[in-house]
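Here are my notes, as promised. Have the viewer open while you go through them.

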Amino acid sequence: MSDFVRTVAVSDTHHNRKALKEIVRCYSDMKYLFHLGDNVSDAHYLAEHMPNTRVLSVRGNCDWGDEEPEWELVTIKNQRIVLTHGHLFHAKFGYDRLEQFGAEKNASAVLFGHTHIPYVQNHGGLWLINPGSAGEPRGGDPTVCVILIGEVGLVPKLIRLQNC
């Protein structure tokens with residue numbers, strides 16, 4: 001049986017210090033944290049305060065001048081995972097472009113943000129995962145997504161930040 005790597009995806013933290021402290025409190029035991037943009041300087045804060053967690057980040061539409069890539073492909077336990085903010089793929093208008101990009105990259109999942117609205121759905125073997133917004137949620141509570149990654153696939157779970 002495959003063991004899983006515990007990860008957490010966050011997006012759109014927008015310098016919300018209360019949310020950042022809650023993420024540190026709740027998820028410092030994760031192997032990876034994926035910060036999906038807006039504001040990547042928050043990813044640096046999280047990396048500093050979560051020394052045992054590998055923090056990977058991409059820049060979003062509010063991250064002018066930052067050096068992080070606009071998208072990244074990572075492989076964990078043979079699962080190819082695309083990290084992006086979503087604005088380059090017009091995520092606010094639908095997920096077709098994200099799905100196509102994930103298929104082109106032979107990915108198991110595309111992790112994105114930008115909409116500030118959580119979304120977790122499997123599209124024919126490709127997970128589209130938006131953790132929502134930890135810092136400025138639209139129409140709900142601040143959320144993150146815990147993702148177990150194993151040789152056999154991914155298991156995502158949306159979690160309200162205050163219930164971690």
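1. Helices and strands here are DSSP runs, helices with at least four residues and strands with at least two, numbered from the N terminus. With that in hand, His14 sits in the loop between strand E1 (5-10) and H1. Keep in mind throughout that this is a predicted model.

2. Check the backbone at His14: phi is near 45 degrees, a positive value in a residue other than glycine. Is His14 buried or exposed? His14 counts as buried because its relative accessibility is 16%, and the cut-off for buried is under 20%.

3. You'll find Asp38 in the loop between E2 and H2. With a relative accessibility of 2%, Asp38 therefore counts as buried.

4. Stay on that loop for the next peptide bond. Asp38 and Asn39 are joined by a cis peptide bond, with omega at about 20 degrees. Asn39 lies in the loop between strand E2 (32-35) and H2.

5. Now the helix pair. Helix H1 (residues 17-27) packs against helix H2 (residues 40-49) at an angle of about 35 degrees, and their axes are 10 Å apart. The crossing of H1 past H2 is right-handed. On the H1 side, the contact uses Arg17, Leu20, Lys21, Ile23 and Val24, and on the H2 side Asp42, Tyr45, Leu46 and His49. What is the make-up of the contact of H1 with H2, in nonpolar, polar and charged residues? It divides into 5 nonpolar, 1 polar and 3 charged.

6. On to His114, in the loop between strand E6 (109-111) and strand E7 (119-123). At 11% relative accessibility, His114 counts as buried. Its side chain makes a polar contact of 3.3 Å with the side chain of His85. Leaving aside residues up to four places away in sequence, His114 touches Ser11, Asp12, Asn61, His85, Gly86, His87, Lys92 and Arg138.

7. Last, the cysteines. How many disulfides are there? The count comes to 0, where a disulfide would need a pair of cysteine sulfur atoms within 2.5 Å. Cys145 counts as buried because its relative accessibility is 0%, whereas Cys62, at 27%, counts as partly exposed.

Conventions:
Residues are numbered from 1 along each chain as its sequence is written. This is a predicted model: local features need pLDDT of at least 70, side-chain atom pairs count only at pLDDT 80 or more; totals for chains, interfaces and linings use all residues. Side-chain values use heavy atoms; hydrogens and water are left out. Axes are lines fitted to C-alpha atoms, for helices over the stretch in contact, and angles run from 0 to 180 degrees between N-to-C directions. A crossing is left-handed if the near helix is turned anticlockwise from the far one by less than a right angle, and right-handed if clockwise. Contact means heavy atoms within 4.5 Å. Ala, Val, Leu, Ile, Met, Phe, Trp, Tyr, Cys and Pro count as nonpolar, Asp, Glu, Lys and Arg as charged, and the others, Gly among them, as polar. Buried means under 20% relative accessible area, exposed over 50%, partly exposed in between (1.4 Å probe, protein chains only). A polar contact is a pair of N or O atoms within 3.5 Å; within protein, one must be able to donate a hydrogen and the other to accept it, and residues adjacent in sequence count only if both atoms are side-chain atoms.
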